[in-house]
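This report describes the overall build of a protein chain and then turns to its charged side chains.

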Amino acid sequence: MDFGPLREELTATGLADAVSIVERGCMNGCASPISMAMQGPGRAIYFFNGVDPAADAEDIVATLHAYLAAPDGWIEDAQPCGRLRFCLVGRVPALSC
């Protein structure tokens, strides 16, 4: 998997230290690989299918910016996320413990 363009975009936009790319095996999204999830402590969880880490690098970074700026990670307006908004499979609100 080529994460080079995504890593470059994360560095260029100052997010390289704020987020981690963690490669996993199966995420149960076989019908539309590649899958991607976003999660963080006290934040909503997002799950995407059909993502291309190289071609979608700018949209992934825009989505990460929206996610980090949103209260509890709950993105209300997904238009800045570009193509990724059409790859969204599900989102789960943050757990309140």
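Among contacts in the protein chain between residues at least 6 apart in sequence, what percentage join residues at least 24 apart? In this predicted model, the figure is 56%.

**Fold and dimensions**

Two helices and three strands make up the secondary structure of the protein chain. Their order along the sequence is α-β-β-α-β. The radius of gyration of the protein chain is 13 Å, close to the 13 Å that the globule rule gives for 97 residues, so the chain is as compact as a globular protein of that length. Taken along the principal axes, the box filled by the C-alpha atoms is roughly 35 × 30 × 25 Å.

**Burial and surface**

Buried residues account for 33% of the 97 residues in the protein chain. The accessible surface of the chain amounts to about 6100 Å², and carbon and sulfur atoms contribute 53% of that surface.

**Charged side chains**

The protein chain carries 6 positive and 12 negative side chains. Between the centres of these two sets there is a separation of 7 Å. Side chains of opposite charge can pair when their charged atoms come close. How many salt bridges does a search of the whole structure find? The search finds one.

This salt bridge is formed by the side chains of D56 and R83, with an N to O distance of 2.6 Å. The pair links distant parts of the chain, its two members being 27 residues apart. D56 belongs to the loop between β2 (45–48) and α2 (57–69), while R83 belongs to the loop between α2 and β3 (88–92).

The table sets out the accessibility of the two partners.

| Residue | Relative accessible area | Class |
|---|---|---|
| D56 | D56: 4% | D56: buried |
| R83 | R83: 35% | R83: partly exposed |

**Surroundings of D56**

Which residues are in contact with D56, leaving aside its neighbours within four places in sequence? They are G50, V51, R83 and L84.

Conventions
Residues are numbered from 1 along each chain as its sequence is written. This is a predicted model: local features need pLDDT of at least 70, side-chain atom pairs count only at pLDDT 80 or more; totals for chains, interfaces and linings use all residues. Side-chain values use heavy atoms; hydrogens and water are left out. Helices (H or I, at least four residues) and strands (E, at least two) are DSSP runs, numbered from the N terminus. The radius of gyration is taken over C-alpha atoms; the globule rule is 2.2 Å times the number of residues to the power 0.38. Buried means under 20% relative accessible area, exposed over 50%, partly exposed in between (1.4 Å probe, protein chains only). Contact means heavy atoms within 4.5 Å. Accessible areas come from the Shrake-Rupley method with a 1.4 Å probe; for residues, only the protein chains shown count as cover. Lys and Arg count as positive and Asp and Glu as negative; His and the chain ends are not counted. The place of a charge is taken as NZ of Lys, CZ of Arg, CG of Asp or CD of Glu. A salt bridge is a side-chain nitrogen of Lys or Arg within 4 Å of a carboxyl oxygen of Asp or Glu.
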